[in-house]
Amino acid sequence: MNAAFFLLPLAVVLLLAMPLVPIYKGVTTGRRAKHAVIFNLCAFFGVAALMVLLPMGGFVTLAAEEGAVAAEAAGISIGAGMGYLAAALVTGLSCVGAGIAVAAAAPAAIGAFSEDPKAFGKALIFVALGEGVALYGLLISILIINNL
């Protein structure tokens with residue numbers, strides 16, 4: 001194994017994580033925010049440059065060939081891999097959607113309950129509907145994995 005197989009993907013991960021540094025430091029306004037924007041742009045163009053350089057160096061094709069050999073030895077097909085990817089996307093995206101729905105419905109439900117305690121049941125139903133989206137996504141991903 002070449003050290004570049006470890007270092008180049010590590011560089012991509014570090015460049016993708018770079019925009020989180022200003023967020024962690026709490027930079028939102030002022031002169032430091034301009035530096036945060038420049039920081040984000042440098043990270044973006046660094047990842048874009050690595051996306052161009054990795055295939056040119058032959059790293060992607062070598063890794064793909066090694067992965068294909070390992071998949072053939074394990075007996076996994078491309079269709080099964082796509083099925084697992086679909087199950088992961090269904091679960092992840094449905095949970096993100098449920099989080100957005102609950103983030104909008106829960107504060108409104110708390111506000112309605114604080115004004116009128118009789119509205120608790122009605123408000124709770126809307127919060128539960130948002131959670132249902134995540135459960136449906138989990139159910140669909142289980143069905144996808146059962147068919148593989």
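Predicted model: local features only at pLDDT ≥ 70, side-chain atom pairs only at ≥ 80, totals over all residues.
A contact here means heavy atoms within 4.5 Å.

**Chain overview**

The chain has 6 helices and 0 strands, so that its pattern along the sequence reads α-α-α-α-α-α. Of its 148 residues, 20% count as buried. The accessible surface comes to about 10800 Å², and carbon and sulfur atoms hold 76% of that area. Among contacts with a separation of 6 or more, 74% join residues 24 or more positions apart.

**Confidence**

The mean pLDDT of the chain is 79, and 77% of the residues score at least 70. The helices with the lowest and highest confidence are listed here.

| Helix | Residues | Mean pLDDT |
|---|---|---|
| H4 (lowest) | 59–74 | 66 |
| H6 (highest) | 120–146 | 90 |

**Ser94**

Ser94 lies in helix H5, which covers residues 78–115. The relative accessible area of Ser94 is 11%. Buried means under 20% relative accessible area, and Ser94 therefore counts as buried. Leaving out residues up to four places away in sequence, Ser94 touches Leu89, Val133, Ala134, Gly137 and Leu138. The side chain of Ser94 also reaches the backbone oxygen of Thr91, at 3.0 Å.

Conventions
Residues numbered from 1 in each chain as written. Heavy atoms only, no water. pLDDT = per-residue confidence, 0-100. Helix = DSSP H or I, 4+ residues; strand = E, 2+ residues; numbered from the N terminus. Buried < 20%, exposed > 50% of the residue type's maximum accessible area, 1.4 Å probe, protein only. Polar contact = N/O pair within 3.5 Å; in protein donor to acceptor, adjacent residues only side chain to side chain. Areas by Shrake-Rupley, 256 points an atom, 1.4 Å probe, with all protein chains shown as cover.
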